Amino acid sequence: MNRRKSLFVAMLCIANGAMAQSVEDGLKDLYYGKFQTAKQNLEKAIAAKPTDDRAYYYLGIAELGLENRDGAAAAFTKGLAAVPASPLLTAGLGRIDLLNGKNAEAKQKFESASTASEGRNGDVARAIADANSEIVTGDRGYALTTMEKLLNNEGRKKKQMYTATAADYIELGDAYRFLGGENGGKAIGAYEKALELDPNNAEAVMKQGLVNYNARLLQQAVGDWTKATNMDANYAPAYFELYQFYITLKKDQYSPSNASKYLQKYVEVSDPSDKAKNEYYLAALSFLQKDYDAAINKAKALMASANEVYKTKLTHLTADAHLQKGDSLAAKTIMDERAKVLGEAKLELNDLKLLSAIYAKLKSGDSATQAQFTLQAGNYLENMQKRILQKMQRNSVVLQRHSKDEQLCESC
């Protein structure tokens, strides 16, 4: 090969290297909450190396961040076809089972993944723990023991020692945080260990804020989230927590002006590739600023291209905007149509809450019609309360089952 051709090949290799995306690029995107960009970069990583199970797994996590459960399941399944018996992808499918209410199947997959990796693979342990912490029907105790096993080097030879990362201690903190109660202090301690390894880790500080919020230490929580944004001005999840805090209808929290300010900051630094989410939040921002006509127009413009998740959000936003501007009849028309299409059994809690509010605002000069409006408002409110109670009872049953499992294990 002559010198000119050699130079051309070298330049081509450099160009290809610059274009190639690694799993680490995808992980960075996930850290910043940029799920659409993460998806794109991880798909490129898979194209460059089709046998990298981490790329498929984190692609699935990106899909879940985009609220695409089927896409996540497809990523995990496709990955297992390329990397058979991968513990990480097995854990990924366990997460899907858990989301689908198949707890026994999920536990079986988690146990299989843990056994295959001997509980000493950080990605696998975090995958198992994260699923069981984040998903409401997960086994929080199991999440904790999984992380404790990963981090326990007692009695191990030097070459078998596991070197912990900041991500490991964040996951350990999450396990403690979701267990709640007296574990809050342990969660804070785990996040502190993460910061010892990575002093600029905004996620650890943001999650300390979640612990403080759960303890009703509201000012400390706001201070933590603000600190996270000061540590890293591009860390969108912290701005989102501040927005969520101020949009919550509770004493000492609700502030539309602050909610608007932090939502604006969130949109500015969030994923530019995720058009649907950004456009939805821009419509929500108009709503917060009481520009209801702008919110309605933006929502209607986005509706045609939105997926089912965002269509639901946009429908709620549009109906609520009509309600807030005093047009309860238009709000009723929108939500009645949704109720007709879905059927009452499939209405979500937010549907029932909004429908109750709408019917409570309706006025009619006809006493019989007015009585019907009042009755319907009460029915929707009652159904919402029943759903909440049923949800609490289901969660209680799950917790009791986990407690019994732990007792059985202790007696073994």
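Me: What makes a residue part of the lining of the second largest pocket, and which residues lie nearest its centre?
Reply: A lining residue has an atom within 4 Å of a pocket point. In this predicted model, 15 residues line the second largest pocket. Glu 308, Val 309, Thr 312, Arg 338 and Glu 348 lie nearest its centre. Helix H18 (308–324) and helix H19 (328–342) are the elements that give two or more residues to that lining. The volume of the pocket is about 620 Å³.

Me: Why is Asn 41 called buried?
Reply: Buried means under 20% relative accessible area. Asn 41 has 11% relative accessibility, so Asn 41 counts as buried. Asn 41 is found in helix H3 (residues 35–48).

Me: Which residues does Asn 41 touch, not counting residues up to four places away in sequence?
Reply: Asn 41 touches Gln 21 and Asp 29. The C-alpha atoms of Asn 41 and Ser 22 are separated by 7.3 Å. Along the chain, Asn 41 and Ser 22 are 19 residues apart.

Me: Why is Glu 67 called partly exposed?
Reply: Partly exposed lies between the limits for buried, under 20%, and exposed, over 50%. Glu 67 has 40% relative accessibility, so Glu 67 counts as partly exposed. Glu 67 is found in the loop between helix H4 (53–65) and helix H5 (69–82). Its phi is near 65°, a positive value in a residue other than glycine.

Me: What makes Arg 216 partly exposed?
Reply: Arg 216 has a relative accessible area of 43%. The loop between helix H12 (202–214) and helix H13 (218–231) holds Arg 216. Phi of Arg 216 is near 65°, positive in a residue other than glycine.

Me: How many helices and strands does the chain have?
Reply: The chain has 21 helices and zero strands. Its C-alpha atoms fill a box of roughly 85 × 70 × 40 Å along the principal axes.

Me: How much of the chain counts as buried?
Reply: Buried residues make up 46% of the 412 residues. The accessible surface comes to about 21,900 Å², and 53% of that belongs to carbon and sulfur atoms.

Me: What share of contacts between residues at least 6 apart in sequence joins residues at least 24 apart?
Reply: The share is 54%.

Me: Where do the mean positions of the positive and negative charges lie relative to each other?
Reply: They are 2 Å apart, for 54 positive and 50 negative charges.

Notes
Residues numbered from 1 in each chain as written. Predicted model: local features only at pLDDT ≥ 70, side-chain atom pairs only at ≥ 80, totals over all residues. Heavy atoms only, no water. Helix = DSSP H or I, 4+ residues; strand = E, 2+ residues; numbered from the N terminus. Buried < 20%, exposed > 50% of the residue type's maximum accessible area, 1.4 Å probe, protein only. Contact = heavy atoms within 4.5 Å. Areas by Shrake-Rupley, 256 points an atom, 1.4 Å probe, with all protein chains shown as cover. Lys, Arg positive; Asp, Glu negative; His and termini not counted. Charge placed at Lys NZ, Arg CZ, Asp CG, Glu CD. 1 Å grid on protein atoms, 1.4 Å probe; cavity = no way out; pocket = protein on both sides within 12 Å on 5 of 7 lines; lining within 4 Å. Points joined across faces, edges and corners; volume = space filled by probe spheres on them.
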